[in-house]
Amino acid sequence: MAAEVIRNAPSSVESFTLLAFEERLRSHLESRLQIRTRFADLGSTRAFLVSPADRERPKGLVIDARTGAAERIYLYVHTAAHIALGHNMPLITIVEGDDETASDGLRHDQADGLARAMWWRRGSPEMVASLPTVQRSRLLRPLLERGATRSVLHLALRGMRAVFYGSGLARIAGNGTVTTWLRQALAATAVVDAAPQLAER
Amino acid sequence: MRIRDTERVSHAIQVLKGARSLDGLVDRIYDITEGSLALDRATLHRIARGHTQVARAIDTPEDCIRLYFALMIVGCEEGLPAASVVEEGHAVLTGFVGEPLAGLIFRDLSGTLPKLRDRAALKEYLEEGVRVWLPK
């Protein structure tokens, strides 16, 4: 994998918002890019994409079962970027792992550059529709670009969520603008926390 | 398909099948390839024993590649070291399609393998390989 990905500890509790984003992105990959995703124990490998000789046939994306939803979202955007860059050649398996060769490194860096642009809503309309709408926020991006402000933001958002839900405000507000923004901002922050290269320039 | 170096292919199949019987191997290959290989039991027995150069049931490079992936999956299931699985798989593929094409196909695995360090990950790669090479 390109730059760095921070592995989340396996968790039995995932945010519903993150899981919903993940599901939408996975459906997008399947319907638009013909990528079938499955999960398996891959040890130190995070994911790999096998491309068939016939470009009309589905590609197979296998993701390590221990990845969290935020990391999977990053992997989907990164994979979509590889495909947009034409890296998915038949008989060339794209492996997302910790070690990479020089040529791999270049391809992953290119894919990360494009993934970053797609993440900030410059991808295909379908991809953009799958991502949290809060990413249009001009406030969020600069805060997520640096590790320190990202951590503080994550903590603050989690605190706000705890207060919001703990106080019963969320029940009163229902699915209002504040609740939706908070949920989506937390989800977007969690993804960038897992894959800081999505925000850092 | 005309097999080159029948002895080497026979040896590779014997290694990859591990403790399985030849019938057990054929059954497992049918399972893995979802019955897409038109390989009959008698022909596989003859190939595995090095008694024939002609594998008429395996007509296309795609058939050979599916057989190559399937045999290597069996090797993984039999608990062979990843290096042996890869070496014997390469020998099978070379025996069937010749070195130029085998080298081309094998290049992906040899490029991918350093990152798929353990046998479980290698097996997942091979299973995905079979899936994408299954007929439509």
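Let's start with a word we'll need: two residues are in contact if their C-beta atoms, placed from the backbone, lie within 7 Å. This is a predicted model, where local features need pLDDT of at least 70, side-chain atom pairs count only at pLDDT 80 or more, and totals for chains, interfaces and linings use all residues. Residues are numbered from 1 along each chain as its sequence is written, while chains are lettered from A and ligands numbered from 1 in the order in which they are written.

Now look at where the chains meet. Chain A brings 19 residues to the contact, and chain B brings 19 residues too. On chain A's side, β2 (47-50) and β3 (59-64) are the elements that give two or more residues; strands here are DSSP E runs of at least two residues, and helices H or I runs of at least four, numbered from the N terminus. The largest share, three residues, comes from β3(A).

Next, hop over to chain B. Helix α4 (residues 61-77) of chain B packs against helix α7 (residues 119-133) of chain B at an angle of about 155 degrees, with axes 9 Å apart (axes are lines fitted to C-alpha atoms over the stretch in contact, and angles run from 0 to 180 degrees between N-to-C directions). Angles over 145 count as roughly antiparallel, so α4(B) is roughly antiparallel to α7(B).

How far can you trust chain A? Its mean pLDDT (the predictor's confidence in each residue, from 0 to 100) is 82, and 88% of its residues reach 70 or more. Over residues 1-11 of chain A, though, pLDDT stays under 50.

Key
Parallel < 35°, antiparallel > 145°, perpendicular 65-115°, else oblique.
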